[in-house]
Amino acid sequence: MPLRKKANCSKWIEKASYAFFIIDLRSGKFEYVSSSIKQVTGYTVKEVIAMGVSGLYERISAKQMCDVNGWFISSPKKQTQEHDYVEISFKHKKGHYVWAGVHKDLITNNKGKSTAIGLIRDITATKWCWDQLDNSKTLYYNAQVAKYRTRISDSRMLECNHSMARMLGYENREQCLQQHYSIKSYVNPRDRKELMKLAELQGKIDGVEVQACRIDGSPLWMKISAQAYPEKDFVEGVIWDITAEKILTATEKQILKEIMLGKSSKEIAYQIKRSIRTIEDHRANIMRKLGAHNLVELTQKAMETAI
């Protein structure tokens, strides 16, 4: 390489935000490390070269040691793979841990000498963003209130959480996303069309009550609040199951609340001054109306409703 190009290349490497390194695979020592290594690790070039690859391993978090031990001087995972990448949690010189993304290539010259060359960059901010995104997804998917996103044009379910899938009667959210079109849930499909017109006109829906049904045909009353995005052809929001509030009598609501407190039919009968047989009849009617087949299902549906 001409001296001028070599000099320009060296300047470019030294100014880069990531650190460039060369490791002699036979000795396991760094032959070269660019000055940007200090931005990632806090250590100077001389300090990194002095500590060597073994010293670098000592600063990797204990949780990752088994996964990356020997990685810097090892052959790629596959014989046909010359390039390798790993993300490591590394102890910074100041004592805190940072995340580093490391790319490595293996090169063998005509004399048989094998060298590892690669790049190290600080990905701490990126990892933090992904962790926050994962946390947000976890909160979304596991929220007690039903959350959803549907396409305005054909009512296809685009996104939902577990509570939404259960409310509609699906086994899981994946099944709901594959099969559900919201217009099929409405007792009167015209209600959905009117609702979408209102959403597009006002930009949102706030506490609108709709009569619907689950996939097994059992009744479902929904209270919907959502935001419309006509230019993107979707509406998203939250839905409360108000079925119990709508279809249960005042006595049935009272008995359901007592059941949720763990009281037996005998205890409820004594409290509201009715016969045990009457309480048992009310319990059966409650389960029938809410589409519950056992106490576990009844408890789940009661928790998801506004009762």
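Start with helix H13, which gives the largest pocket five residues of its lining, the largest share. Bear in mind as you look around that this is a predicted model.

To find the middle, pick Arg166, Gly169, Gly291, Glu297 and Lys301, the closest to the pocket's centre among the 16 lining residues.

Next stop, the second largest pocket, with a volume of about 180 Å³. Select Lys137, Tyr140, Tyr141, Lys147, Tyr148, Arg149, Glu159, Glu236, Gly237 and Val238 to show its lining. Helix H5 (124-142), strand S6 (146-151) and strand S10 (234-241) are the elements that give two or more residues to that lining. By class, the lining of this second pocket splits into five charged, four nonpolar and one polar.

Last, zoom in on Ser182, in the loop between helix H7 (173-179) and helix H8 (189-202). Is Ser182 buried or exposed? Its relative accessible area is 10%, so Ser182 counts as buried, the cut-off being under 20%. Show its surroundings: leaving out residues up to four places away in sequence, Ser182 touches Thr150, Ser155 and Arg192. With Arg192 there is also a polar contact, side chain to side chain, at 3.5 Å.

How values were computed. Residues are numbered from 1 along each chain as its sequence is written. This is a predicted model: local features need pLDDT of at least 70, side-chain atom pairs count only at pLDDT 80 or more; totals for chains, interfaces and linings use all residues. Side-chain values use heavy atoms; hydrogens and water are left out. On a 1 Å grid over the protein atoms alone, a cavity is a set of points where a 1.4 Å probe fits but cannot get out, and a pocket is an open set with protein on both sides within 12 Å along at least five of seven lines; lining residues have an atom within 4 Å of a point. Helices (H or I, at least four residues) and strands (E, at least two) are DSSP runs, numbered from the N terminus. Grid points are joined across faces, edges and corners, and a volume is the space filled by probe spheres set on the points. Ala, Val, Leu, Ile, Met, Phe, Trp, Tyr, Cys and Pro count as nonpolar, Asp, Glu, Lys and Arg as charged, and the others, Gly among them, as polar. Buried means under 20% relative accessible area, exposed over 50%, partly exposed in between (1.4 Å probe, protein chains only). A polar contact is a pair of N or O atoms within 3.5 Å; within protein, one must be able to donate a hydrogen and the other to accept it, and residues adjacent in sequence count only if both atoms are side-chain atoms. Contact means heavy atoms within 4.5 Å.
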